[in-house]
Amino acid sequence: MKSAIVKLLLPLTLLLVLSACTPSYHFKVDAISDGAMQTEGSFFIVSGNPELKESDLRFREAATLVQTALEGKGFYRSPDVASADMLVEISFGMGEPREVLESRSYPETYWRPGFSYAIRIPVYDKSGNLISFQTRVVREPSRSYTYWEERLDSTTLFEKHFTIEAFDNRPGAPRQQPQQLWSVVIGNSDSSDNLRQYLPYMIAAALPYIGLDTGSQIYVSVRPDDPTVQFLRYPDSGALQD
C-alpha cells in the first residue's frame with residue numbers, strides 16, 4: 001500500500017515542481033468604462049485598424065478569442081452590425097524592436113588546487129623535556145570560490161499591444177461619433193516577437209477587466225496553464241469559472 005502511495009505522489013510532486021518553474025507571461029492592462037456596468041447584450045466585432053481587414057485570417061483568429069471572452073462574460077454575438085447592442089473594435093500589432101542595456105549578474109568560479117605540506121610536531125617526555133620531533137603531512141583539499149560579476153548585456157525588446165473597445169450601437173445612439181462604453185488596452189514588452197503565440201494570453205489578461213475600470217494601469221501575469229487560456233482556446237471544454 002505504501003509503495004502505491006509513493007508511486008502516486010511522485011508524479012504529482014514532479015508536476016508541482018515543473019509548474020512552479022514554468023515562466024509566466026507578464027502584461028500591462030489599462031481598462032476604462034463609462035461607469036455603467038455592462039454585463040449583458042449583443043455585440044459584433046469589427047476591425048479598429050484600417051490596415052487590418054476583417055477577412056484577414058489573423059483578424060479572424062483574434063476575433064474568435066475575443067468573442068469567446070465576451071461570451072464568457074455573459075454577452076452574445078449578434079448576426080450582423082445593425083442588430084448589435086455593442087460594436088466591438090479590436091486592433092493589435094507589434095512595434096519596432098528596440099535595443100536596451102540590462103545589468104545582469106554572472107557567476108565566475110575559481111578553483112584552488114589542493115596541496116600538501118609537512119609540519120614538525122615536538123614530542124616531550126613526562127618531565128616536559130623535548131625528546132624529538134614528529135613529521136606530519138597536512139593535505140589541503142581543492143576548493144572553489146564563486147564571485148558574481150555584473151555585466152551589461154544588450155537585449156532586443158518587442159512591444160506587443162492589443163486593444164478592445166466597445167461602442168454603443170443601440171437604436172438611437174449617435175452614429176457619427178458613437179459613445180464609447182468601455183476599453184481595455186493590453187501591452188507586453190519582452191524578447192519574443194511571436195505576437196500570435198501571445199494572443200490567448202493577452203486576451204486572458206484582459207478578460208477579468210472587460211467592462212470595468214482599473215483606475216490606472218495594472219500589471220497582470222498569466223501562467224501557460226491558466227484555466228482562462230484553456231477556455232479561450234477550447235471553449236467547448238467547459239464553462240469559464242470566475
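Reply: A nonpolar core is a set of buried Ala, Val, Leu, Ile, Met, Phe, Trp, Tyr and Cys residues joined through side-chain atoms within 4.5 Å. Buried here means under 20% relative accessible area. Keep in mind that the model is predicted.

The largest nonpolar core has 42 residues, and the members that touch the most others are Phe27, Val88, Ile90, Phe162 and Trp182. The element that gives the most to this core is helix H3, residues 195–206, with nine residues.

Start with that helix. H3 has twelve residues and spans 16 Å from its first C-alpha to its last, close to the 16 Å expected at 1.5 Å a residue. Ten of the twelve residues are buried, so H3 is largely enclosed by the rest of the structure. The buried residues of H3 are Leu195, Tyr198, Leu199, Pro200, Tyr201, Met202, Ile203, Ala204, Ala205 and Ala206.

Leaving aside residues up to four places away in sequence, Phe27 touches Tyr198, Tyr201, Met202 and Ala205, among others. Other contacts of Phe27 include Ile186, Gly187, Asn188, Ile218, Tyr219, Val220 and Val222.

Now look at the rings. A pair of aromatic rings is described by the distance of the centres and the angle of the planes. The structure holds four aromatic pairs. In one of them, the ring centres of Tyr25 and Tyr198 are 5.0 Å apart and the planes are at 85°, so the pair is edge-to-face; the cut-off for that label is over 60 degrees. Tyr25 belongs to strand E1 (residues 25–33) and Tyr198 to helix H3, so this pair ties together parts 173 residues apart in sequence. Tyr25 and Tyr198 are both buried.

Tyr198 and Tyr201 are both among the buried residues of H3, and Phe27 touches both of them.

Terms used: Residues are numbered from 1 along each chain as its sequence is written. This is a predicted model: local features need pLDDT of at least 70, side-chain atom pairs count only at pLDDT 80 or more; totals for chains, interfaces and linings use all residues. Side-chain values use heavy atoms; hydrogens and water are left out. Buried means under 20% relative accessible area, exposed over 50%, partly exposed in between (1.4 Å probe, protein chains only). Helices (H or I, at least four residues) and strands (E, at least two) are DSSP runs, numbered from the N terminus. Contact means heavy atoms within 4.5 Å. The expected span of a helix is 1.5 Å times one less than its number of residues. Rings of Phe, Tyr and Trp (its six-membered ring) pair if their centres lie within 6.5 Å; planes under 30 degrees apart count as stacked, over 60 as edge-to-face and the rest as tilted.
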